[in-house]
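Please open the model in a viewer and keep the selection tool at hand.

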Amino acid sequence: PRTPLASLSDDELAGFLAEQQEAYAALRARGLKLDLTRGKPAPAQLDLSNDLLHLPSTATDRDGVDVRNYGGLEGLAQLREIFAELLWTSPDQVICGGNSSLTMMYSTIVDFLLFGGVDSPRPWSQEEKVRFICPVPGYDRHFSMLASFGIEMVTVDMHQDGPDMPAVEALVKDDPSIKGIWIVPTYANPSGAVVSQEVAARLAAMPTAAPDFTIFWDNAYAFHHLTEVEAKSADILTLAAASGHPNRPIMFASTSKITFAGAGVAVLAASKPVIAWYLKHLSMGSIGPDKVNHLRHVEFFGDAEGVRAHMRKHREIIAPKFAAVDEALTSGLAGLGVAEWTRPTGGYFVNLDVLDGTASRVVALAKEAGIALTPAGSSFPLGHDPRDRNIRLAPTFPVLDEVRTAMAGVATCVALAAAEKITADRSGPT
Ligand code: PMP
């Protein structure tokens, strides 16, 4: 076992720093060009769905609907049935839309701003202030979306079973300007956390000052298991309905990381009044979705079990990459007391927390060595990580060997930045 860096004598620390500087020089000399920035499926994962390129085999669906024509704003019935089963709701509470759930989240918030929701006293744009609770670390695009609307973000900590509930409950209780919260309930981006049944029940039941407080339940990774123990998402729609807040949660999902990231199908699920509200506004901007793509997906999956079976093929491709991340970090950093990281059981990310005040330095060092990492702080609103310690790793896109190489390099950068920082802290003004 290694000695934690902070416990080394000054001489030992100087020796460690020199070693890391040497290792880093060797890393730079390799002239790598590797990218761990975004959670994209690898080409081998996309290949799993290549049959879609030859589907659908017919122009009419099971019910005789001609998918080539206009209409059917809520999406193809058979696909809604599949997602209803997967998300534990009923088909009339599911809308299948275009290729992006992020677009559905965006238009949902625009509708709240312009028109108000089912339970809103007035449009959010007429409120003096609108604020959202943002569990951190979280998904950068959720935060940049809110920032673009001028919606204020209040952070709470994301724990392994969901957001810090006492903090959430205290915020929503008395302050009617708190209108929403982002939740990625299953294998969260980036922490891998899974919202427990208990936390979900509290979110559903908690008293809120705003009558139209909304849970944006972004279940982007609902089926994206990395082990045989498949986490089940809490049934937020039923919990909320049972607690007397049926319109509180709006659920989103998509097949972006199931079939094709650029040509999948996005899904929204909610109470029937919320579905009617969403469709009413959608109908002003659309005559119907791409039902050809819907039918293509119906034929490809067959049924809900088809989706689950397909996800097991993804697991075979990406689980070894997550194992490689853990191996590289363990071999480079375990025992040094300068890093903690997650071993997610699903999703697309590993959350790496380095020594406070060194994340930006690690990302810069990696960049110099040809390893692109997501900018430090990107998992926080406005890109600001108050402790400058959080780094999101996305190992799915590169091939396995590249993940190994890149992560060994990242470990070197983490150790070097930590040694530099501890050295500087010791020689600083006393
Ligand atoms: N939500 C989360 C939490 C994500 O990580 C992502 C990125 N895949 C998205 C939404 C985007 O989903 P879509 O491709 O359906 O827009």
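Two residues are taken to be in contact if their C-beta atoms, placed from the backbone, lie within 7 Å. With that in mind, note that the model shown is a predicted one.

Begin by selecting residues 359-368, which form helix H12. Helix H12 lies across strands E11 and E13 and runs at about 40° to E13.

Next, display the strands themselves. They form an open sheet of 3 strands in the order E10-E11-E13, and the pairing is antiparallel. Select 339-341 for E10 and 390-393 for E13: these two strands stand at the edges, and each has a single partner strand, so one side of each is left without a neighbour in the sheet. From one strand to the next, the twist averages 20°. Now select residues 350-354, strand E11, which runs antiparallel to E10 and is joined to it by 3 bridges. Within this pair, Trp-341 stands opposite Leu-352 of E11.

Move on to two helices, H1 (residues 10-29) and H13 (residues 400-427). Their axes are 9 Å apart, and the helices pack at an angle of about 145°. The crossing of H1 past H13 is left-handed. To see the contact, select residues on both sides, including Phe-16, Leu-17 and Tyr-24 of H1 and Leu-416, Ala-419 and Ile-422 of H13. By class, this contact has 11 nonpolar, 5 polar and 3 charged residues.

Now colour the chain by domain. The domain assignment gives domain 1 as 5-45 + 309-427 and domain 2 as 58-302. The centres of the two domains, taken over C-alpha atoms, are separated by 31 Å. Their contact takes 23 residues from domain 1 and 28 residues from domain 2. Which elements give two or more residues to the side of domain 1 that touches domain 2? They are H11 and E13. H11 provides the largest share of that side, with 6 residues. The residues on this side of domain 1 divide into 11 nonpolar, 9 polar and 3 charged.

Finally, select the ligand and its surroundings. The ligand is surrounded by 13 residues, and the closest are Ser-100, Ser-101, Leu-102, Ser-254 and Ser-256. Colouring this shell by class shows 5 nonpolar, 6 polar and 2 charged residues.

Definitions and conventions: Residues numbered from 1 in each chain as written. Predicted model: local features only at pLDDT ≥ 70, side-chain atom pairs only at ≥ 80, totals over all residues. Pairing = 2+ DSSP bridges. Helix = DSSP H or I, 4+ residues; strand = E, 2+ residues; numbered from the N terminus. Axes fitted to C-alpha atoms, helices over the stretch in contact; angles between N-to-C directions. Near = placed C-beta within 6 Å. Nonpolar A, V, L, I, M, F, W, Y, C, P; charged D, E, K, R; others polar. Left-handed = near helix turned anticlockwise from the far one by under 90°. Domains from an automatic or database assignment.
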